[in-house]
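This briefing goes through one protein chain, from its overall form to selected residues. Please read it alongside the sequence and the coordinates.

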Amino acid sequence: LDISLKEGNSKKYQVEGGIGLISSRFTVQGPLIKDKSSFIISGRRTYIDVLTKPFINPESNFGGSGYFFYDLNTKVNYKISDKDKLFLSGYFGRDVFGFSSENSGFAAEIPWGNATASARWNHLFSEKLFLNTIVTFSDYKFEFKSEQEEFEFKLFSGIKDWSAKSQLAFYPNLRHRILAGIDYTYHQFTPSSV
C-alpha cells in the first residue's frame, strides 16, 4: 500500500474544516519559509458515541456502550536545493469501543490503532532519473481492558516495524517507468501480553 500526503501550501496560510453528521475535520496548512518549506496538519473525530447516547436506554443490553475514532496527519517539507527535498510526516489514529455498566460494576474498553512516522529524501539526478530514500516507523496496538469491582484484566498485542527503502525511478519516455531499489523491514511482533 503506497499512500502519499499532499504537501502544505508554500505560498499562504489556509484553514479548512467541516462538520458532518457523524464526524468533524480540521486542516491547517501554510509556509514555514515562503517558497522553501511548508506544513500541513489535519485531524478528524467521529462523535457516534455522543449522538447515539440519548437514544440508548441505559437499562438495555446496549446501555453504557459507545464507539468513536480519531486521527491526526501531519507533514512538513523542506526544499534543500533545486535537486533535493526533505519530507517529514506522521500519522496517529485510534478506534475506541467502550462499555460501562453501573449496575454490575463492569466496564470494558477496546482501543486499537496505528502511529507512524517517516522521513523521505528526494533527489533529482536529471529530468528522467529520481532517487527516493525513506525511513519509516510504524506502531500498531490492540488492547482489551476490563474491570469489575476489584478485578482488572488487560490484554495487549501489537506490531512494530522499522523500515528503510531506497528506490531509483527512471522515466525513459512518457509510457515507461523503470524502478530499482532496496528495501529492509524489521518486524517486532507482540502476539499477546496479559
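Is lysine 145 buried, partly exposed or exposed? Lysine 145 is partly exposed, because its relative accessible area is 27%, and buried would require a value under 20%. The model is predicted.

**Fold and overall form**

- One helix and nine strands make up the secondary structure of the chain.
- Read from the N terminus, the order of elements is β-β-β-α-β-β-β-β-β-β.
- The radius of gyration of the chain is 22 Å, whereas a compact globule of 194 residues would have one near 16 Å.
- The C-alpha trace spans about 70 × 40 × 30 Å along its principal axes.
- Of contacts between residues at least 6 apart in sequence, 51% link residues at least 24 apart.

**Surface and charge**

- Buried residues account for 21% of the 194 in the chain.
- The chain has an accessible surface of about 13,600 Å², and carbon and sulfur atoms contribute 59% of that.
- There are 23 positive and 21 negative charges, and their mean positions lie 14 Å apart.

- Side chains of opposite charge can pair when their charged atoms come close.
- Glutamate 109 pairs with lysine 145 in a salt bridge, with 3.6 Å between the closest N and O atoms. Glutamate 109 belongs to strand β6 (residues 106-124) and lysine 145 to strand β7, so this pair ties together parts that are 36 residues apart in sequence. Glutamate 109 is partly exposed, at 33% relative accessibility.
- Aspartate 82 and lysine 79 form another salt bridge through their side chains, at 3.6 Å from N to O. Aspartate 82 is exposed, because its relative accessible area of 66% is over 50%. Lysine 79 has a value of 31% and is partly exposed.
- Glutamate 152 and lysine 154 also meet in a salt bridge, with an N to O distance of 4.0 Å. Glutamate 152 is exposed at 53% relative accessible area, while lysine 154 is partly exposed at 46%.

**Positive phi angles**

- Most residues other than glycine have a negative phi.
- Aspartate 35 is not a glycine, yet has a positive phi of about 65°. Aspartate 35 sits in the loop between β2 (23-33) and β3 (37-46), and is partly exposed with a relative accessibility of 41%.
- Glutamate 149, also not a glycine, has a positive phi of about 50°. The loop between β7 and β8 (151-173) holds glutamate 149, which counts as exposed at 72% relative accessibility.

**Phenylalanine 130**

- Phenylalanine 130 is part of strand β7 (residues 129-148).
- With a relative accessible area of 26%, phenylalanine 130 is partly exposed.
- Leaving aside residues up to four places away in sequence, phenylalanine 130 touches His123, Leu124, Gln167, Leu168, Ala169 and Tyr171.
- Tryptophan 112 is 18 residues from phenylalanine 130 along the chain, and the C-alpha atoms of these two residues are 37 Å apart.

Definitions and conventions: Residues are numbered from 1 along each chain as its sequence is written. This is a predicted model: local features need pLDDT of at least 70, side-chain atom pairs count only at pLDDT 80 or more; totals for chains, interfaces and linings use all residues. Side-chain values use heavy atoms; hydrogens and water are left out. Helices (H or I, at least four residues) and strands (E, at least two) are DSSP runs, numbered from the N terminus. The radius of gyration is taken over C-alpha atoms; the globule rule is 2.2 Å times the number of residues to the power 0.38. Buried means under 20% relative accessible area, exposed over 50%, partly exposed in between (1.4 Å probe, protein chains only). Contact means heavy atoms within 4.5 Å. Accessible areas come from the Shrake-Rupley method with a 1.4 Å probe; for residues, only the protein chains shown count as cover. Lys and Arg count as positive and Asp and Glu as negative; His and the chain ends are not counted. The place of a charge is taken as NZ of Lys, CZ of Arg, CG of Asp or CD of Glu.
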